[in-house]
Amino acid sequence: TPNGAPVTPAKAPSASADQKPAAPTLQFKSVSLDSNKELAEVCLRFSAALLPDAKYQDYLSVDPDTKLALRVAGDRLCLGGLTYGQDYKVQLKAGFPAAGDLKLAADEPVDVSLGVRPPVVAFGSAGLVLPRESTLGVPISTINVDKVAVRVYRISDRLLARLSRDRFQSSETYLYQLKQLADDEGTLVWRGDMTVPNKPNEKAVTA
């Protein structure tokens, strides 16, 4: 100052006593895919449990436009009805609600990419297949498979009692034990490769 008096720095403004901290908000966490269904289901996980009765269709949009089946599972919102091999852009809208009055503070874009469905070879049931004499064959379901290797054994009624899945610790052990029993006590009727229809990502049933 002109008279040489010391200058006192200005103090930063202090927060008022009644100023409240920012309210917690809902956070989007991750995406997971269930590829075991005919139409894919993608689940979006959040930082809090969702509301079973909320109309979440009002808080999201999908491009390309798709008729979705929505399902709440804890902290996840699952989107059913999606098509394998398709990319989607999901837009979560600000205000998307969750338990505890939590909401998304802003719009949240989510990219969802559905690749090729994993290959599957399966029978129609989890147990042994016992075809009637009048049937023309045993149905085998396949997905994204061109050819399956098949062995057909004839086994006795006595052997059937030894082939219960619950006697083995894992599916790998079961299959190994099943092969051993069939080779030792069964009669190989036919062995070879069977060509099956293969339309990408769709289930085919071949007898």
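Modeller: Thr206 counts as buried, at 17% relative accessibility (buried means under 20% relative accessible area, with a 1.4 Å probe and protein chains only). This is a predicted model, in which local features need pLDDT of at least 70, side-chain atom pairs count only at pLDDT 80 or more, and totals for chains, interfaces and linings use all residues. Residues are numbered from 1 along each chain as its sequence is written, and side-chain values use heavy atoms, with hydrogens and water left out.

Colleague: Where is Thr206 found?

Modeller: Thr206 lies in strand E12, residues 203-206 (strands are DSSP runs of E, at least two residues, numbered from the N terminus).

Colleague: Which residues is Thr206 in contact with?

Modeller: Neighbours within four places in sequence aside, Thr206 contacts Val138, Pro139, Ile140, Met194, Val196 and Pro197 (contact means heavy atoms within 4.5 Å).

Colleague: And which strands form the open sheet with E12?

Modeller: The order is E8-E9-E12, with antiparallel pairing (two strands pair if DSSP finds at least two bridges between them). Strand E8 (120-123) and E12 are the edge strands.

Colleague: How many bridges join E9 and E12?

Modeller: Strand E9 (residues 140-143) and E12 pair over four bridges. Ile143 stands opposite Lys203 in E12.

Colleague: New topic: how many aromatic pairs are there?

Modeller: The structure has four aromatic pairs (rings of Phe, Tyr and Trp, the last by its six-membered ring, pair if their centres lie within 6.5 Å; planes under 30 degrees apart count as stacked, over 60 as edge-to-face and the rest as tilted). One of them is the stacked pair of Phe46 and Phe96, 4.7 Å centre to centre with 20 degrees between the planes.

Colleague: Are Phe46 and Phe96 buried or exposed?

Modeller: Phe46 is buried at 1% relative accessible area, and Phe96 is buried at 0%.

How values were computed: Buried means under 20% relative accessible area, exposed over 50%, partly exposed in between (1.4 Å probe, protein chains only).
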